[in-house]
Amino acid sequence: MTKATITLVISLLLLTVAAASTVETVQKHVYTDEKFEVEFHTSGPTNQHQIELEFMDQVQVVYVDTLAHGVPFKATVKFTAPPFAGEYEVRSGEGSATINVEEPRFRLTDVKVEPSIISPRETTKLSYTVENVGDATLYNVKGDISIMLGAESNYEMYSGWEELFTSMGPGEKRTVVKEVTARESADGQERIGVEVSYEFDGETHYASGDTLLTVGGAPWIELLIIIILVVLVGRVVLARYL
C-alpha cells in the first residue's frame, strides 16, 4: 500500500469519525408521563439538512447547519414519556438512544375547581393533591398555578412558585387549596394549569395537570331556566282564560 493510499484511508476515517452523530438523554431519570429532553450531537463536515427524531408516535425536527470540518453541533428537543415503564428508543437516520422509562416517584392528582361555574366577582377554590409514591425522599417540592388560555389579569389568585415541602418522605401526601376570584372583566371558559416541581438525585422534575373554569354561567342552563319560566307563565295565563 502506497503512502498516498494510506493517507487517503486515514483521511476518510477521520472524516467518518468527525461526522459521527449521537443521540442521548439529558436526564439521568425519565418517569412515566413526564417531558424529557434529548440531545442530538454531530460535527462537520456537513451540508445543511434536517433530521427527524422519532419517539413512539412523536416526531421532532432538527435543522443542521453547514459545518466545516470538526465544528460541533448540538440541538435539544423534548418528548413526553409514555404512561408505562419500560425501555423505549429514540431514533433518527443518524443515531439512536435507548430510553429507560421508570415508574413515577411523584404523583399530581385531583386537579379541580369547586364550583366550576361562577359569575364575575365570585370566588372558587382550586385544589390539587401531591404524593410521594416512591421509596426515596424528594426535595424542594414547589407548586404553581396559572391561567393557560386567557389573561391572568382577569383573576385574583396566588401567583408564583410556592414551597410545599422542603423534604417529602415516601408516602407523604398533601392537598393544596387556592382561591381564584374572577374580576368583572372575566368571562367565558378558562383552563387553569397546575405545575409542580421536585428535586431527586440532583435533577429537577416536573408534573402538570389542568382543569376548566367557566365564568358567566353555562348558556344552556340559562336558556333552560327561561324556557321553564315561559312555560309556567303560559300555564297561569291560560288558566285564567279557560
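In the hairpin formed by β4 and β5, where 2 residues lie between the strands, M56 adopts a positive phi near 55°; strands here are DSSP runs of E with at least two residues, numbered from the N terminus. The model is predicted, with local features requiring pLDDT of at least 70 and side-chain atom pairs counted only at pLDDT 80 or more, whereas totals for chains, interfaces and linings use all residues. Residues are numbered from 1 along each chain as its sequence is written, and side-chain values use heavy atoms, with hydrogens and water left out.

Strands β4 (residues 49-55) and β5 (residues 58-64) run antiparallel and are joined by 7 bridges, pairing being assigned if DSSP finds at least two bridges between two strands. Within this pair, I51 of β4 stands opposite V62 in β5. β4 also pairs in the antiparallel sense with β7 (residues 86-92), over 2 bridges, and here E54 stands opposite R91 in β7.

The largest pocket has a volume of about 600 Å³. A pocket is an open set of points on a 1 Å grid over the protein atoms alone, where a 1.4 Å probe fits, with protein on both sides within 12 Å along at least five of seven lines, and its lining residues have an atom within 4 Å of a point; points are joined across faces, edges and corners, and the volume is the space filled by probe spheres set on them. Of the 24 residues lining the largest pocket, D33, E34, K35, Y206 and A207 lie nearest its centre. At least two lining residues come from each of β3 (35-43), β9 (106-114), β16 (188-200) and β17 (203-215), and β17 gives the most, with 5 residues.

Methods
Helix = DSSP H or I, 4+ residues; strand = E, 2+ residues; numbered from the N terminus.
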